[in-house]
Amino acid sequence: MITAEENDLLCRVENGAPMGQLMRRHWIPICLSEEVAEADGTPVKARILGEDLVVFRDSEGNVGVLDEQCPHRRVSLLFGRNEEGGLRCLYHGWKMDVNGNVLEMVSEPAASGLAEKTKHKAYPTKEWAGLVWAWMGEKEAMPEFEPPPWAPTAETRVSIVKAVLPVNWAQILEGAIDSAHSSSLHSSDMVPARVQAAEATDKSWLRPSTDKAPRLQVQRAGYGFRYAAIRRPIFNAQTHEYIRSTVFVAPWTVLIPPNNLYNVANVNIPADDTTTCFYFIAWGHPAQTPETETWRKFLGQTVGVDLDAYYRPLRNYENRFWQDRNAMKAGNFTGIKGFPNQDIAMWLTMGPIADRTHERLGASDLAVVEFRKQMIESVQAFQGGAPAIGTGDLAIPKSVCAYQSVIPKTTDWRQFDARYVWPGAQEATQNDDAYLVKA
């Protein structure tokens, strides 16, 4: 159990909150590249860490992430004209480029020199893996952009589900590192089966265990931690264990144990204290990783069907998340289609910010407890002048990955020769763009 003050320290990111300042020491996903796919196209709104932004692609294809409010009279630039290398405010015609330079002030005398003296807030950007990233911290502290562990090279196929959810970021992330819930909440989609290892079909994920009460062990690191959920396997239960090893990459990423075809990750970016941009990611070899629309359909996260045009779920508390009670009577555990939708239903019913002071935690919550403890300690250390968790020398090594496997009881899961799912990995070397890695 944590105190109300610790809960606020963990969850709050707005208005200079310590956790928000820590997060600004990382490159931050702002939106999907598909949202601003067209040069001189429609600008889009983004809200990150309580800050309202406008994102646009200029005539040359460069992406800008600017303060939404015009520097002149503070009207929204979201409705501006995107033309000829900049975004023009409708009110008085001021025009800004992707770097925040004021190109034109048509309402001012040419001789005034005001344009040269005015700079609009703009953040450095990078496009990678289907996302627009920005550096929202102090520019003098900006490091080189490093590809995230779920998109190590430009050749990696990355398929992303995005959902904007009306809940705090931490309760979503806690769901991603809570292995025990998958045996109940997702039991109709992550199905026990007589397979040698986890497998993916076009309808479900199969796992070689019926054990609903895993034993958890945690290994802390400078980037976060990894842990093992240890279950009895269906085969060779006397001599082997089924390991699902998950990796928490601070501050907002979870590497989820893969199936036999592709790897999985979860990224949770706070829009503000009570709203989160949730990204659920399949990644790996193009021959085995589902394409974006296939991935979204599989998960019940298709724009226009499951989500509105702004990636907000159409399922909600008021319509009971489209729960099908007849399907439940027929054997479906939740009656909610798509396992992210099952998670979303649970996260939303906790309230905008979960009150952790009234919880009753057990042994299966070990990873959740470690997340809270580590992040609270890290933000307190950051307030005292320590580097932000997961930055610099504390960044996650390329040799760390999530995995699942049935292994002998005599093998320590921490020393298991774990590898990302990638065809030909056994013949690769560690110089091959991090596709072969050891835990």
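**Helix packing and sheets in a predicted model**

Hi everyone, let's start with two helices: α4 (residues 169–176) and α8 (residues 366–383) pack with their axes 9 Å apart, at an angle of about 140 degrees. Helices here are DSSP runs of H or I of at least four residues, strands are runs of E of at least two, and both are numbered from the N terminus. The axes are lines fitted to C-alpha atoms, for helices over the stretch in contact, and angles run from 0 to 180 degrees between N-to-C directions.

Before going on, this is a predicted model, where local features need pLDDT of at least 70 and side-chain atom pairs count only at pLDDT 80 or more, while totals for chains, interfaces and linings use all residues. Residues are numbered from 1 along each chain as its sequence is written, and side-chain values use heavy atoms, with hydrogens and water left out.

Back to our pair: α4 and α8 are therefore oblique to each other. For that wording, under 35 degrees is roughly parallel, over 145 roughly antiparallel, 65 to 115 roughly perpendicular, and the rest oblique. Which residues in α4 and α8 meet? From α4 we have Trp 169, Ala 170, Leu 173 and Glu 174, and from α8 Val 368, Phe 371 and Arg 372; contact means heavy atoms within 4.5 Å. By class, that contact of α4 with α8 has 5 nonpolar, no polar and 2 charged residues. Nonpolar covers Ala, Val, Leu, Ile, Met, Phe, Trp, Tyr, Cys and Pro, charged covers Asp, Glu, Lys and Arg, and the others, Gly among them, are polar.

Helix α8 also meets α1 (residues 4–11): their axes come within 9 Å and cross at roughly 80 degrees. That is why α1 and α8 are described as roughly perpendicular to each other. Glu 6, Leu 9 and Leu 10 in α1 meet a set of α8 residues including Phe 371, Arg 372, Met 375 and Ile 376. This contact of α1 with α8 divides into 6 nonpolar, 2 polar and 2 charged residues.

Now the sheets. Strands pair if DSSP finds at least two bridges between them. β4 (residues 63–67) and β9 pair over 2 bridges, and Val 65 stands opposite Tyr 123 in β9.

The other one I'd like to show is an open sheet of 3 strands, ordered β13-β15-β14, with mixed pairing. Its edge strands are β13 (190–192) and β14 (199–200), each pairing on one side only. β14 and β15 (residues 205–207) pair in the antiparallel sense over 2 bridges, with Ala 200 opposite Trp 205 in β15.

Last, two backbone spots to look at on screen. Where is Pro 251 found? Pro 251 is in the loop between β18 (240–249) and β19 (253–256), and the peptide bond from Ala 250 to Pro 251 is cis, with omega near 5 degrees. In the loop between β1 (28–32) and β2 sits Asp 40. Phi of Asp 40 is near 60 degrees, a positive value in a residue other than glycine.
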